[in-house]
Amino acid sequence: MSDKIKVAVIAAGGRSKYVVSNLLRDSERNVEIVSVYDPDKEVAKDALDQWQSPATKICDSYDEAINFPGVTWVMVFSPNAYHCEHILAAFEAGKHVFTEKPLATSIEDCVKIRNA
């Protein structure tokens, strides 16, 4: 790959740390985590240490992380009840999205996501 895929990570807890670590390894670091949002900044700092990603911007909101310059992909690891909100924000910003399951917590939210 000549260009790195620039990613925003929404929520930086245990599952996020595991999946993103594997992604960085398996892509031979052709993926770059450029922004991260977690309501607990210490959790975000710990994830950046694990990902060996000191240049990553720790954001004050998920919108800031999603709209950070260069981001093309958003990875959503937030609690299930927030998936729809975070996915729709990323789609609205024109980003590709990876999300953990379940997609959402209601059929109505799944339909909103599909329609987006």
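How many helices and strands does the chain have?

1. The chain has 5 helices and 5 strands. This is a predicted model, and the points below should be read with that in mind. Starting at the N terminus, the order of the elements is β-α-β-α-β-α-β-α-β-α.

2. On overall form, the radius of gyration is 13 Å, close to the 13 Å that the globule rule gives for 116 residues, so the chain is as compact as a globular protein of that length. Along the principal axes, the C-alpha atoms fill a box of roughly 40 × 30 × 25 Å.

3. Of the 116 residues in the chain, 42% are buried. Among contacts with a separation of 6 or more, 61% are between residues 24 or more positions apart.

4. The surface comes next. The chain exposes about 6,500 Å², and 52% of that area is supplied by carbon and sulfur atoms. As for charge, there are 13 positive and 17 negative side chains, and the centres of these two sets lie 3 Å apart.

5. A search of the whole structure for aromatic pairs finds 1. The ring centres of F77 and F98 are 5.9 Å apart and the ring planes are at 45°, so the pair is tilted. The pair links distant parts of the chain, as its residues are 21 residues apart. F77 sits in the loop between strand 4 (73–76) and helix 4 (83–92), while F98 belongs to strand 5 (residues 96–99).

6. Are the two residues of this pair buried or exposed? F77 has a relative accessible area of 11%, so F77 is buried. F98 has a relative accessible area of 32%, so F98 is partly exposed.

Key:
Residues are numbered from 1 along each chain as its sequence is written. This is a predicted model: local features need pLDDT of at least 70, side-chain atom pairs count only at pLDDT 80 or more; totals for chains, interfaces and linings use all residues. Side-chain values use heavy atoms; hydrogens and water are left out. Rings of Phe, Tyr and Trp (its six-membered ring) pair if their centres lie within 6.5 Å; planes under 30 degrees apart count as stacked, over 60 as edge-to-face and the rest as tilted. Helices (H or I, at least four residues) and strands (E, at least two) are DSSP runs, numbered from the N terminus. Buried means under 20% relative accessible area, exposed over 50%, partly exposed in between (1.4 Å probe, protein chains only). The radius of gyration is taken over C-alpha atoms; the globule rule is 2.2 Å times the number of residues to the power 0.38. Contact means heavy atoms within 4.5 Å. Accessible areas come from the Shrake-Rupley method with a 1.4 Å probe; for residues, only the protein chains shown count as cover. Lys and Arg count as positive and Asp and Glu as negative; His and the chain ends are not counted. The place of a charge is taken as NZ of Lys, CZ of Arg, CG of Asp or CD of Glu.
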